[in-house]
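Please look over the model below before reading on. My notes are numbered and brief.

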Amino acid sequence: MSAPTSALPNDDAVLATLREAVGDRAVRVLDLGGGTGGYAVPLACHGHTVEVLDHSNDALATLARRAQAEGVGDRVAGRVADLDHLAESIRERSADLVLCHRVLEFVDSPVQTLRAAASTLADGGMLSVVAANRAGAALSRVIAGRFDEAEAALDGAHTAQTGHRFDAAELTGMLQEAGLAVRRLRGVGLIGELNPSEAGTAAARALGERLAADPVLAQVAPLLHLIAVRDEHGA
């Protein structure tokens, strides 16, 4: 069975990175805040087993329908959980890959959430974090001529809809506090932010891969994607 492709180039870029990081082995995936299965279902279609924790019963119901429709209902499970109190809903060393995508912006304590996520990693496991980038938000508003909003983004202003934004140094520092070491950092979605009408074309996706890997341009992408592992040499 071929895996479904996301309609969102950002999701496709993240999934491609995850598939490269995992390789050919089938792994146990824990998807925090995975909702309707944008990552869970494609990963299950590649042979992985996925458990999704989310606060929304409605989202989890959609997840179950999508998984069944793709023929992977036996490899996807969903549970209701409060991500602000994640430690109450997880099992230690139970996952080979943990997804924490667009979660840190909305939880009360990002470091606490990361510590709980780290505790679920089995030996050799990886944590994948996708979070909104403060510099990327500012850049898009500068280009649109909304200078007051750009300043507010740089100052850390946030709303219930946007959540908090971070930069690469902050995210790296929080992961270190959680006992993790960053192994990979990429920028995601720069073309989609600056030229959304063309972002889904093959040429734009290919260029997006090059932009994501550039260490300078990654710093101004709307999203940052980090892969981290347990830091065996940390304090």
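1. Basis. This is a predicted model, in which local features need pLDDT of at least 70, side-chain atom pairs count only at pLDDT 80 or more, and totals for chains, interfaces and linings use all residues. Residues are numbered from 1 along each chain as its sequence is written, and side-chain values use heavy atoms, with hydrogens and water left out.

2. Helix 7, buried side. Helix 7 spans residues 168-177; helices (H or I, at least four residues) and strands (E, at least two) are DSSP runs numbered from the N terminus. Its buried residues are Ala168, Leu171, Met174 and Leu175. Buried means under 20% relative accessible area, exposed over 50%, and partly exposed in between (1.4 Å probe, protein chains only). These four sit on the same side of helix 7, because they cover an arc of only 135° around the axis. The arc is that of the directions from the helix axis to the C-beta atoms.

3. Helix 7, surroundings. Its buried residues pack against helix 4 (110-119), strand 5 (121-132), strand 6 and strand 7 (223-230). Contact here means heavy atoms within 4.5 Å. The face turned away from the buried side carries exposed Ala169 and Gln176.

4. Helix 9. Twelve residues, 202-213, make up helix 9. From first C-alpha to last it reaches 17 Å, close to the 16 Å expected at 1.5 Å a residue; the expected span is 1.5 Å times one less than the number of residues. Ala204, Leu211 and Ala212 are buried. They lie on the same side of helix 9, since their arc around the axis is only 95°. They pack against strand 6 (180-188) and helix 8 (190-194). Exposed Ala202, Ala203, Arg210 and Ala213 are on the face turned away.

5. Leu30. Where is Leu30 found? It belongs to strand 1 (residues 28-32). Leu30 is buried, at 6% relative accessible area. Its C-alpha is 4.7 Å from that of Val98, 68 residues apart along the chain. Beyond neighbours within four places in sequence, the contacts of Leu30 include Glu51, Leu53, Ile90 and Thr120.

6. The lining of the second largest pocket divides into eight nonpolar, six polar and four charged residues. Ala, Val, Leu, Ile, Met, Phe, Trp, Tyr, Cys and Pro count as nonpolar, Asp, Glu, Lys and Arg as charged, and the others, Gly among them, as polar.
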